[in-house]
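Here is a short report on one protein model.

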Amino acid sequence: MSKLKIVYFGTPEFAAYILEKMTASGLDIRGVVTMPDKPAGRGHRPRSSAVKETALRLLPGVPVLQPEKLRDEVFLDDLRDLSADLFVVVAFRMLPPEVWTMPERGTFNLHASLLPRYRGAAPIQRVLMDGEEKTGVTAFFLNEEIDKGRIILRKETPISRTETGGSLYDRLMKMGADAVLETISLIEKSTPGAFLGRKQSDFYTDDELPLPTAPKIFKPDRALLFRETEGVALERLVRAMNPYPAAFMTHEDGTEYKVFRADLLPSQEGMAAGDFKVTHDRRLIIQSLRGALEILELQAPSKKRTSTADFLLGNSLPGGRFL
């Protein structure tokens with residue numbers, strides 16, 4: 001059991017799972033920092049983050065801080081009063097120097113990629129979109145630059161041909177919990193003030209530059225553009241966005257359909273990019289720039305997510321093409 005006094009920073013389910021594993025390991029967690037409650041649902045009632053709910057359930061009596069501004073003096077004073085040796089950050093917003101320089105043993109962050117590759121907000125989706133064969137998690141000390149601090153530990157895992165954003169999220173969440181516990185142990189065993197970790201430039205060569213990045217996903221990133229994209233990239237995009245926020249395709253009449261599963265097929269004879277056909281056994285096949293996509297699972301506007309075969313049993317698609 002670590003003797004380090006820890007403050008944990010995080011917000012979503014990914015971070016909540018890791019907090020749960022840290023708690024089960026008997027770590028001395030002196031405080032939890034998460035986002036303020038936000039209105040949600042039809043009634044706009046305040047909803048707590050997954051990390052706050054986990055902290056209240058598993059760590060009764062431990063302070064849960066929810067600052068609007070991370071440079072707020074009241075928050076900084078409350079954080080100092082916790083007298084932590086180490087800050088652990090998982091899926092939280094960028095911390096100012098006033099925060100990450102506070103503990104004697106430093107502040108480390110867990111990132112869901114093999115840094116320095118895929119710095120940014122959406123590493124899980126981006127590695128799948130790019131067709132990478134491996135990914136992992138990285139624990140690194142925070143510094144002045146985003147995702148560029150000294151690397152303490154990396155754990156690697158292969159990416160399967162059928163991997164989705166959801167399945168990879170779950171695997172990296174579990175791997176991340178192990179990585180956090182191992183990193184805390186490494187820091188505790190190190191000499192206070194020692195220069196732990198390696199600079200990120202040790203993990204690439206100049207001929208690998210520029211390194212791939214992982215910018216935040218916006219709606220245009222989710223669009224299946226059959227007329228200008230090859231099928232292999234479209235199939236990767238579908239898997240990367242499954243189950244959330246979901247890729248989508250747009251008919252030329254403006255109707256958008258979310259797509260959750262698709263298979264890559266050879267180019268279809270006599271079809272131009274964007275053309276589609278519905279077969280006698282209710283298969284929907286759309287030609288891309290090169291190759292075609294069979295849409296296996298979709299969601300039409302105001303409808304439930306369903307298999308394409310079931311959707312086509314009671315619905316028809318308009319004539320024309322997809323964008």
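What volume does the second largest pocket have? The volume is about 360 Å³.

## Basis

This is a predicted model, in which local features need pLDDT of at least 70, side-chain atom pairs count only at pLDDT 80 or more, and totals for chains, interfaces and linings use all residues. Residues are numbered from 1 along each chain as its sequence is written, and side-chain values use heavy atoms, without hydrogens and water.

## Pockets

A pocket is an open set of points on a 1 Å grid over the protein atoms alone, where a 1.4 Å probe fits, with protein on both sides within 12 Å along at least five of seven lines; lining residues have an atom within 4 Å of a point. A volume is the space filled by probe spheres set on the points, which are joined across faces, edges and corners.

The second largest pocket has 19 lining residues. Arg105, Gly106, Phe141, Ala194 and Phe195 lie nearest its centre. The largest pocket holds about 1300 Å³. Its lining has 35 residues, with Ala91, Gly120, Ala121, Ala122 and Pro123 nearest the centre.

## Strand E11

Strands (E, at least two residues) and helices (H or I, at least four) are DSSP runs, numbered from the N terminus. Strand E11 spans residues 247–250. Ala247 and Met249 point one way, Phe248 and Thr250 the other. All are buried, meaning under 20% relative accessible area with a 1.4 Å probe, protein chains only.

Two strands pair if DSSP finds at least two bridges between them. E11 pairs with E12 (residues 256–265) in the antiparallel sense, over 4 bridges. Ala247 stands opposite Val259 in E12.

Methods: Buried < 20%, exposed > 50% of the residue type's maximum accessible area, 1.4 Å probe, protein only.
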